[in-house]
Amino acid sequence: MLRSLKKSGVAMKGDLQNNGGSAWFLCDLLDKPVVDGEGKRLGRLFDLVADIRERDPPVTGAIISSRDRRRYSLPWTCVEEVRSDSVRARSGMLDSLAAPELSSGEILLRKTLLDKQIVDMAGAKVERVNDLLLMQRNGKLVLSKVDVGVRGLLRRVGLHRIILPLLQWLLGYTLSDTLINWRLVQPVGSSEIVRLRFSKARLSHLHPADLADILEDLDRPERDRVFHALDIEVAAEVLEESDPKVQIELIQRLPADKASDVLEQMSPSTATDLLQGLDETRAQSLLDEMDPEAADDVRSLLSHDEEKAGGIMTTSFFVQPPEATVAQALAALQQEARHLDVLYYIYVKDQEGRLVGIPEPQGSVHQ
């Protein structure tokens, strides 16, 4: 079914597949003939240019492949209409074709995003981009959503017109698009522009456990790029939530100075477990780089056999002086909680470091 909706700008026509308004999937546009207003063929649509500096990235240009396989750029303002069988530019546009050149903030949608891995910030998981949904909004064609589903994959390989009707005919099953809003995704592929623009700001809002799950799903190079983009404190929290094998891989490939900073932010028992998985030379070099006090805590735990009681001890527990009030203890706990291994008790120690007791629920101190 063909529908059309004209606004100021480009008129969009096509199978909207319940997307609402004027919409096209990128894979439906790629390789369409590009003609001018007189019907003269300019080439085929090879890619689209979009400006990702805006919240809803507008399409700013088209990359056209000519018959001699040369690539040319056409400003999107020169495009009058997108039809089901072609992309129509204004008359006399042959002289407007130029060598492709991206401005600051612009990316090639096909080259940069298709088949790349992204982090779904809503679902906190890794997906692969199979297609892109473009929508007409306020007179502009904008990047609206990414398709990470099977239907998008079928469009990507050109089999949707065969497989989808067969599924409907044989099984009565309609395969839906799996769409994620562009504003919720974080590309982590090879494009430095995309990765550096969003990575720290958006990844820092995820819970460390979600980030740990994401890292475990990524390929090794992409895992390293995401982990290296994290702040020291966030990196430490993510490591504590990660699988031990992933912990070792990540800390092995960090420079010694940054790795030691991350270890200092981790609880002593977790840092000890991690160092025990490294070779002795690497572990010793990281201990030497660490703050002396933090390193001493870890060394004291490393001195115990991990299979015996000493190996499961920790030096990271909550301590307060006898004169501390409840309000003071709560304020201190809020600051220290994430660095502590034990939160079941408050240990009361005097100025000489001797254990005075453990407060009972009624407020007395058990000695």
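Student: In which helix is A271 found, and is A271 buried or exposed?
Tutor: A271 is found in helix 11 (residues 268-276), where helices are DSSP runs of H or I with at least four residues, numbered from the N terminus. This is a predicted model, in which local features need pLDDT of at least 70, side-chain atom pairs count only at pLDDT 80 or more, and totals for chains, interfaces and linings use all residues. Residues are numbered from 1 along each chain as its sequence is written, and side-chain values use heavy atoms, with hydrogens and water left out. Buried means under 20% relative accessible area, exposed over 50% and partly exposed in between (1.4 Å probe, protein chains only), so A271, at 1% relative accessibility, is buried.

Student: Which residues does A271 touch, not counting residues up to four places away in sequence?
Tutor: Contact means heavy atoms within 4.5 Å. With residues up to four places away in sequence left out, the residues that A271 touches are L263, M266 and V298.

Student: How far apart are the C-alpha atoms of A271 and Q247?
Tutor: A271 and Q247 are 24 residues apart along the chain. The separation of their C-alpha atoms is 10.0 Å.

Student: Which backbone oxygen does the side chain of S242 reach?
Tutor: S242 lies in the loop between helix 8 and helix 9 (244-252). S242 is buried, with a relative accessible area of 8%. Leaving aside neighbours within four places in sequence, S242 is in contact with A212, E216 and Q247. At 2.7 Å, its side chain reaches the backbone oxygen of V238.

Student: Are helix 6 and helix 8 roughly parallel or roughly perpendicular?
Tutor: The axes of helix 6 (residues 208-217) and helix 8 (residues 232-241) come within 8 Å and cross at roughly 70°. Axes are lines fitted to C-alpha atoms, for helices over the stretch in contact, and angles run from 0 to 180 degrees between N-to-C directions. Angles under 35 degrees count as roughly parallel, over 145 as roughly antiparallel, 65 to 115 as roughly perpendicular and the rest as oblique. Helix 6 and helix 8 are therefore roughly perpendicular.

Student: Which residues of helix 9 make the contact with helix 7?
Tutor: Helix 7 (residues 220-228) packs against helix 9 at about 70°, with the axes 11 Å apart. Helix 7 contributes R220, R223, D224 and F227. The residues from helix 9 are V246, E249 and L250.

Student: How many disulfides are there?
Tutor: A disulfide is a pair of cysteine sulfur atoms within 2.5 Å. By this rule the count is zero.

How values were computed. Helices (H or I, at least four residues) and strands (E, at least two) are DSSP runs, numbered from the N terminus. A polar contact is a pair of N or O atoms within 3.5 Å; within protein, one must be able to donate a hydrogen and the other to accept it, and residues adjacent in sequence count only if both atoms are side-chain atoms.
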